[in-house]
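Colleague: Hi! I'm new to this one, could you walk me through it?
Modeller: Happy to, let's bring it up.

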Amino acid sequence: MDGCAGSSPQQILEHTASILGCCITDKKLAIHLDQEDELQHLRDQFHIPKIKDLPSTDPALIKAEEECVYLCGHSLGLQPKKTKAYINEELDNWAQIGAHGHFHGSYPWALGDECLVELMANIVGAKKEETALMNGLSVNLHLLLLSFYKPTSSRHKILMETKAFPSDHYAVESQIRLQGLDPKESMLLLSPAEGEENLQTEDILSTIEKEGDSIAVILFSGVQYYTGQLFDIVSITRAGHAKGCYVGFDLAHAVGNVEVHLHDWNVDFACWCNYKYLNSGAGALAGAYIHEKHKFTIKPTLLGWWSHDFKSRFQMDNKLDLSPGVNGFRISNPPILLVRALQASLEIFNQTDKKALRKKSVLLTGYLECLIKHYHSKVPDNPQKLYINIITPSNIEERGCQLSLLFSDHLKKVFVELMKRGVVADIREPILRIAPVPLYNSFYDVYRFINLLNESLNVVSHEVKDAM
C-alpha cells in the first residue's frame with residue numbers, strides 16, 4: 001500500500017489495479033490490498049461475529065460460518081479477544097481475595113484507571129496529567145461545562161452545531177437553564193448553508209468572529225456523528241481563543257478514528273466515550289481532558305472522594321486536598337471491570353501508531369467511496385435507478401473513516417436486505433452510516449459490502465417495479 005506520495009486514494013487504487021491488470025471493481029484488487037496491508041494482523045485480535053449468530057439474517061442468502069461484514073464501529077466497536085480474560089481475572093481476584101483487590105494484583109482496583117491513563121493520553125495527544133478516565137461521556141461533559149461555562153450578562157452563549165448529537169444538545173440546554181438563562185437566547189446553533197449538508201470552516205470562523213464577544217464556550221464535535229465531517233479543530237480553537245472564548249470538543253466519533261493532538265492544538269477541554277472506535281464495550285468507561293494551562297485556575301464544581309489527592313485520600317479527615325487539573329474532576333473510584341475492558345483495546349492501539357492507522361483508513365474509506373460512486377451515482381438518463389449520494393466530505397482532510405450515504409429512496413428496504421445478508425451498519429434516517437475501521441476491517445470487507453449492496457438494491461428495485 002505504498003502508492004504514490006501525495007496521490008489521492010482513487011489515484012492509488014487505479015494505479016495499483018493497472019499494475020495487477022484489473023479494474024478497481026475486481027476482487028483481485030481487494031485481495032492484493034489486504035496482502036500488502038501492514039496492519040492486517042490486528043484484525044486477528046478481535047472477535048468478528050459470524051453471520052449465523054446475527055438477528056434478521058436469511059439462512060437462504062448466507063454462508064452460516066462466514067464472518068459478517070461489520071461496518072458499525074462508529075456505533076460500537078468489536079470486542080478484543082483479550083477482553084473476557086482480563087475481566088475474568090478481576091472476577092477471580094474478587095472471589096479469591098475480596099477487599100484486598102483494592103491495592104493488590106496487576107491492576108489494583110483503587111488505581112486501575114491510572115494504570116491506563118498514559119495509553120489513553122497518547123491516543124488523544126495529551127499529557128498524562130491532562131487526561132482522566134471516568135464516568136460516561138455525557139456525565140463528563142456536564143462536569144466540564146459546570147466549570148468552563150460561567151456566563152455573564154454580556155458573554156453567555158454556547159456555540160455548537162445545529163445537528164450536534166442529541167445528548168450534547170440536551171446537556172447544553174440544561175447547563176444554560178441551570179444558570180437561569182433561556183436556551184433560545186444563549187444557545188447559538190450553526191447550520192450548514194442552504195442546500196449543503198456540511199458546515200464550511202469559513203462559516204464557523206466568521207460566526208466566531210462576529211459573535212465571539214458574546215460567546216462563553218464553543219462546543220463542537222471532533223467528527224460529526226451524522227455526516228461524518230471532521231471539523232478543523234485547530235482553526236476553531238485558535239479563532240475562539242482570539243475572541244476570549246473557551247473551546248471544547250466532544251470527541252466521541254474522533255478518538256481512535258482520526259489523529260488528535262489536544263495539547264499541541266491548545267484545546268481547553270474535551271471528553272469522549274470509549275465504546276466506538278476504542279472498542280471497550282457498550283457503556284464503557286469514558287475519558288476527559290483539560291489543558292495543563294488550566295491546572296490551577298479551572299476547578300471542579302462538584303467534588304467527590306476521588307477529587308482528593310491520592311497521598312492523603314485515605315486519611316478520611318474531610319479536609320479536601322484537591323488534585324490539580326482534570327484529576328480533581330474525578331468523583332468516584334474507577335469501575336475495574338470497565339477499566340480492564342478498555343485495557344484490552346488500548347493495548348492493540350499501542351501495537352501501531354496514529355499515522356499508520358490514518359494511512360490505512362484514508363485508503364480503506366477511499367476504496368469504499370470509489371466503489372459506491374462507480375456503481376451507484378445518479379444517472380441523468382435513468383431517473384428510475386436508485387442512487388446514492390455520499391454526504392460526508394470528499395476531501396480526506398475533512399473526514400475520518402465513516403461515510404454517510406443518502407439513498408434516493410427506499411432506505412429501510414435496502415437496510416433490511418443488507419441485514420438479511422449479514423451486513424452490520426446502522427441508519428439515522430434518511431442516511432445509512434458505514435465505517436470501515438482500520439484496526440479490524442479489511443479491503444475484502446469493503447468488496448463484500450459493495451457486492452451485497454448491489455444485490456440488495458437490485459432486489460428492492462425489482463420489488464418496487466413489480467408493485468407499480
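Colleague: Which strands does helix α9 lie across?
Modeller: Helix α9, residues 233–242, lies across β5 (215–221) and β6 (246–250). Its direction is at about 155° to β6. Keep in mind that this is a predicted model.

Colleague: Thanks! What's the strand order in the open sheet?
Modeller: The order is β2-β8-β7-β6-β5-β3-β4, so you can find both β5 and β6 in this open sheet of 7 strands, and the pairing is mixed.

Colleague: And which strands stand at the edges?
Modeller: Those are β2 (131–133) and β4 (187–190). Each has a single partner strand, so one side of each has no neighbour in the sheet. From one strand to the next, the twist averages 15°.

Colleague: How many bridges join β2 to β8?
Modeller: There are 3 bridges, and β2 and β8 (residues 287–290) run antiparallel. One you can look up is A132 in β2, whose bridge partner in β8 is A288.

Colleague: Switching to backbone angles: what is phi for N135?
Modeller: About 55°, a positive value although N135 is not a glycine. You'll find N135 in the loop between β2 and α5 (137–148).

Colleague: What is the relative accessible area of N135?
Modeller: It is 29%, so N135 counts as partly exposed, between the 20% and 50% cut-offs.

Colleague: Where is H410, and what is its phi?
Modeller: H410 is in the loop between β10 (403–407) and α14 (411–420). Its phi is positive too, near 60°, and H410 is a residue other than glycine.

Colleague: Last one: is the peptide bond from E429 to P430 cis or trans?
Modeller: That bond is cis, with omega near 10°. P430 is in the loop between β12 (426–428) and β13 (431–434).

Notes
Residues are numbered from 1 along each chain as its sequence is written. This is a predicted model: local features need pLDDT of at least 70, side-chain atom pairs count only at pLDDT 80 or more; totals for chains, interfaces and linings use all residues. Side-chain values use heavy atoms; hydrogens and water are left out. Two strands pair if DSSP finds at least two bridges between them. Helices (H or I, at least four residues) and strands (E, at least two) are DSSP runs, numbered from the N terminus. Axes are lines fitted to C-alpha atoms, for helices over the stretch in contact, and angles run from 0 to 180 degrees between N-to-C directions. Contact means heavy atoms within 4.5 Å. Buried means under 20% relative accessible area, exposed over 50%, partly exposed in between (1.4 Å probe, protein chains only).
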